[in-house]
Amino acid sequence: MDDVLARAERVVDEGIGLTESDLRALLEVGDDDLPALLDIAHRVRLRWCGPGVEVEGIVSVKTGGCPEDCHFCSQSGRFDSPVRSAWLDVPALVAAAEQTAATGATEFCIVAAVRGPDEKLMRQVRAAVRAIRETVDINIACSLGILHPDQVAELAELGVHRYNHNLETARSYFPRVVTTHTWEERWETLQLVRSAGMEVCCGGILGMGESLDQRAEFAAQLAELAPDEVPLNFLNPRPGTPFATLPVMPVGEALRAAAMFRLALPRTILRFAGGRELTLGDDGIREALRGGGNGLIVGNYLTTLGRAPQADLALLEELGEPIRSAELSALSKAL
Amino acid sequence: MICAAVAGVFCERCGSPQAEGDHGACGVVRVWEPPRYCAQCGRRLVVQVLPVGWTARCPQHGEVA
């Protein structure tokens, strides 16, 4: 174990992610070595990303009724979930962006529960992006599922800063999570997004029954993709979904995983997202921000609630970790 | 909000009658969830979660606070 920590230490100076076999070994670091692992991950983050934490808010423009069968998702129309369909109008989307900007966040993501956007949704997103850009000082991201090349081009033309499309899990485990589309289809959309010049946001959900091997495999696959941002979600088992009875991931396991992702992806924004309240709790999020993470979704999620933004902002202040400005994010990327 | 769930006839999280079964676990997780069922009639709500706050509407009883 000392050997893999020694190799992890080298990432601080070299900025090159570990191999999949080393990433796998990190997931079995003992409790005694966990503080050392978190410390290394924190120093990698400081060295290659800086002290700033990128803060983002998200909102669902189209909730529920999704034709896909992502087994973790309460918005699939294929499961007996209590989530009903809802549609957010443009003024409400602008108001949500204003709420998000008021927290100090620099990124606002518009999300839809769809396989991919139809013309009705594209019309709504088009109008919302234009309205938000006119009135709110915030970067706009979108997460609208699988895209066609013309849709990618249009989003880039509209000024969408970043596109989220999660691979969700390791390629080898994906068929156990989703059967209505493939991992490869998602990968293709991500390549289109990058080609169009938008930033790539791609992460997934931990604790969906994947093995430790598959968790390391996923990190290595993300490292190959090299996204600008990796959102790390922790499964929040939702009523009515196939994963409703899976256990919540223990905090130590989550911290190891987060540090492992940092050591796979030294330079990316590693953002703690959905499920962190249940998995990490108040103490765990503090440790995670000192264990490789440098991003947060603040406020609520798509169908569940998060901590009050003020609580997260107070935590960042307590930790001496400033909110990363949009200008610094751009500069960091250029470097 | 949790008080409303407890006080209602139906559980706002699972939709079953409050008088039937133990809803202690529902109350615990409701901290991180908006209501999903009308406490008065048990119908599913149309819920919109926002970055700060949420709205919920029952087809029978209207807006839920």
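His23(B) is found in the loop between α1 (2-7) and α2 (24-29) of chain B, where helices (H or I, at least four residues) and strands (E, at least two) are DSSP runs numbered from the N terminus. This is a predicted model, in which local features need pLDDT of at least 70 and side-chain atom pairs count only at pLDDT 80 or more, while totals for chains, interfaces and linings use all residues. Residues are numbered from 1 along each chain as its sequence is written, and chains are lettered from A and ligands numbered from 1 in the order in which they are written. The model scores ipTM 0.93 and pTM 0.95.

**Surroundings of His23(B)**
- His23(B) counts as buried because it has 20 C-beta neighbours inside 10 Å; a residue is buried if 20 or more other C-beta atoms lie within 10 Å of its own, exposed if 12 or fewer, and partly exposed in between, with C-beta atoms placed from the backbone.
- Leaving aside neighbours within four places in sequence, His23(B) is in contact with Cys11(B) and Gln18(B), a contact being two residues whose C-beta atoms, placed from the backbone, lie within 7 Å.
- Cys11(B) and His23(B) are 12 residues apart along the chain, and their C-alpha atoms are separated by 7.3 Å.

**Chain B as a whole**
- Chain B has two helices and three strands, which follow the pattern α-α-β-β-β along the sequence.
- Of the 65 residues of chain B, 40% count as buried.
- Among contacts in chain B with a separation of 6 or more, 27% are accounted for by residues 24 or more positions apart.
- The mean pLDDT (the predictor's confidence in each residue, from 0 to 100) of chain B is 89, and 89% of its residues reach 70 or more.

**Interface between the chains**
- In the interface, 21 residues of chain A are in contact with 16 residues of chain B.
- On the side of chain A that touches chain B, β1 (54-63), α4 and α10 (276-279) each supply at least two residues, and β1(A) gives the most, with four residues.
- By class, that side of chain A has 10 nonpolar, nine polar and two charged residues; Ala, Val, Leu, Ile, Met, Phe, Trp, Tyr, Cys and Pro count as nonpolar, Asp, Glu, Lys and Arg as charged, and the others, Gly among them, as polar.

**Helix packing in chain A**
- Helix α4 (residues 90-102) and helix α5 (residues 119-135) of chain A pack at an angle of about 45°, with their axes 9 Å apart; axes are lines fitted to C-alpha atoms, for helices over the stretch in contact, and angles run from 0 to 180 degrees between N-to-C directions.
- That angle makes α4(A) oblique to α5(A), since angles under 35 degrees count as roughly parallel, over 145 as roughly antiparallel, 65 to 115 as roughly perpendicular and the rest as oblique.
- Val90(A), Leu93(A), Val94(A) and Ala97(A) in α4(A) meet Gln124(A), Ala127(A), Ala128(A), Ala131(A), Ile132(A) and Thr135(A) in α5(A).
- The residues of this contact divide into eight nonpolar, two polar and no charged.

**Loop residues with positive phi in chain A**
- Glu168(A), in the loop between β5 (162-164) and α7 (183-195), has phi near 75° and counts as buried, with 24 C-beta neighbours inside 10 Å.
- Ala226(A), in the loop between α8 (212-225) and β8 (229-234), has phi near 55° and counts as partly exposed, with 14 C-beta neighbours inside 10 Å.
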